[in-house]
Amino acid sequence: MKENTIRRRTLLAGAAALGSVALPSLAQSKTVLRISTPAVPDDWHAKMWTVFKDTLEKSAPGEFDVQINLNASLFKQGTEPAAMARGNLELTTVSASDIAKLVPEFSIFTAGYVVRDPAQQQKIFNGPIGAELFKTVAEKMDITPLSTCYLGTRQVNLREVRNVKTPADLKGVKLRMPGSKDWLFLGEALGATATPLAFGEVYLGLKTGTIDGQDNPLPTVRAAKFYEVTKQIVMTSHLVDGLFIAISNKSMNALNAAQKAKVLAAAQAAAAYNNENRLKEEAQLVEFFKKEGLQVTVPNVDAFHKSVQATYMASDYAKVWPKGLLDRINATK
Ligand code: KDO
């Protein structure tokens with residue numbers, strides 16, 4: 001064999017060997033997208049992340065490594081935006097309350113009886129109000145909201161049956177709320193004694209009686225099995241709640257234009273999946289809870305509405321709401 005043939009063969013063998021080690025390093029160059037949420041696996045805003053992952057895998061095969069962490073297993077509820085700012089997390093769902101900590105005007109969406117229904121919610125956040133507020137969110141929180149998920153309409157869920165018609169009837173009830181001041185204010189506005197507790201501790205709190213009740217939308221009462229440890233749902237419908245799929249600006253800016261569009265489309269597909277399924281399920285759950293032996297009662301919603309609204313309007317919250325924002329929300333049809 002001629003010397004240059006030998007050298008060629010050696011080179012080829014070397015290249016083949018390099019090729020075989022090059023594969024795993026290629027796999028490592030995938031863009032990692034870590035997701036953290038307190039959602040339980042059976043809730044729609046947990047399942048929607050699989051839709052996000054699958055959509056992205058189809059539109060950008062092999063480009064992303066989407067890692068879904070449910071049950072607050074990666075970051076505690078409410079600490080996700082800080083983790084994103086530190087570069088330890090790429091995506092999550094932020095609540096209005098999470099946002100209001102840094103963008104005070106956003107607290108308008110933590111207030112009871114402001115958003116009328118899920119359709120209006122989508123119009124608000126997919127229209128000019130959403131565009132303006134999300135711009136401020138991106139600037140102040142260094143995250144980009146990508147789509148709006150309907151979490152459901154929050155109802156009061158009690159351990160023991162109680163005759164609840166007006167906020168006065170919730171006096172003394174230890175109502176668990178998520179642990180931030182905006183949530184606690186809402187609980188107090190409902191007439192209860194608001195008690196902070198992380199979502200993951202609510203089931204046990206209801207079971208053992210350290211709390212008398214909690215508020216969440218019906219699909220979450222089902223998915224987190226709160227109905228197993230409570231006896232009543234009071235249909236106060238006090239908050240048409242939303243969550244925003246958001247990505248850290250650092251990770252968004254690291255993507256090329258095509259990838260940005262694909263991540264946005266995947267987040268929109270995930271929210272659409274959540275919204276469709278949650279709405280469908282929410283409409284059927286009263287019957288389910290009744291079959292499970294719970295009392296589902298309808299209070300004087302008008303009395304709750306008036307009292308909660310008056311409490312907010314007289315509070316410091318209303319002072320930071322930009323002039324005219326409430327009117328613009330009300331005018332969104
Ligand atoms: C809750 O803790 O009650 C809450 O519904 C608040 C929401 O903002 C959101 O964090 C949600 O929990 C979790 O995603 C769990 O469903």
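**Pockets, ligand and cavity**

Trainee: How much space lies in the largest pocket?

Mentor: About 680 Å³ of space lies in the largest pocket, where a pocket is an open set of points on a 1 Å grid over the protein atoms alone, with protein on both sides within 12 Å along at least five of seven lines, and its volume is the space filled by 1.4 Å probe spheres set on points joined across faces, edges and corners. This is a predicted model, in which local features need pLDDT of at least 70 and side-chain atom pairs count only at pLDDT 80 or more, while totals for chains, interfaces and linings use all residues. Residues are numbered from 1 along each chain as its sequence is written, and side-chain values use heavy atoms, leaving out hydrogens and water.

Trainee: Which residues are closest to the centre of that pocket?

Mentor: The lining (residues with an atom within 4 Å of a point) has 38 residues, and Pro38, Gln77, Gly78, Arg176 and Phe199 are the closest to the centre.

Trainee: And what takes up the space?

Mentor: The ligand does, in the sense that more than half of its atoms lie within 2 Å of the pocket's grid points. Around the ligand there are 13 residues, of which His45, Gln77, Arg154, Arg176 and Asn216 come nearest, counting a residue if one of its heavy atoms lies within 4 Å.

Trainee: Which polar side-chain atoms lie by an oxygen atom of the ligand?

Mentor: One belongs to His45, at 2.8 Å from a ligand oxygen, while side-chain N or O atoms of Arg176 and of Asn216 are each 2.7 Å from an oxygen atom of the ligand. Taken alone the ligand exposes 370 Å², and the protein buries 96% of that, by the Shrake-Rupley method with a 1.4 Å probe.

Trainee: Switching topic, what about the second largest pocket?

Mentor: About 280 Å³ of space lies there, and of the 24 residues that line this second pocket, Tyr113, Val114, Val115, Arg116 and Val240 lie nearest its centre.

Trainee: Last one, how many cavities of 30 Å³ or more does a search find?

Mentor: A search of the whole structure finds one, a cavity being a set of points where a 1.4 Å probe fits but cannot get out. The space in this largest cavity is about 30 Å³, and the residues that line the cavity are Ala111, Gly112, Val114, Gln309, Tyr312, Met313, Trp321 and Leu326.

Conventions:
Polar contact = N/O pair within 3.5 Å; in protein donor to acceptor, adjacent residues only side chain to side chain.
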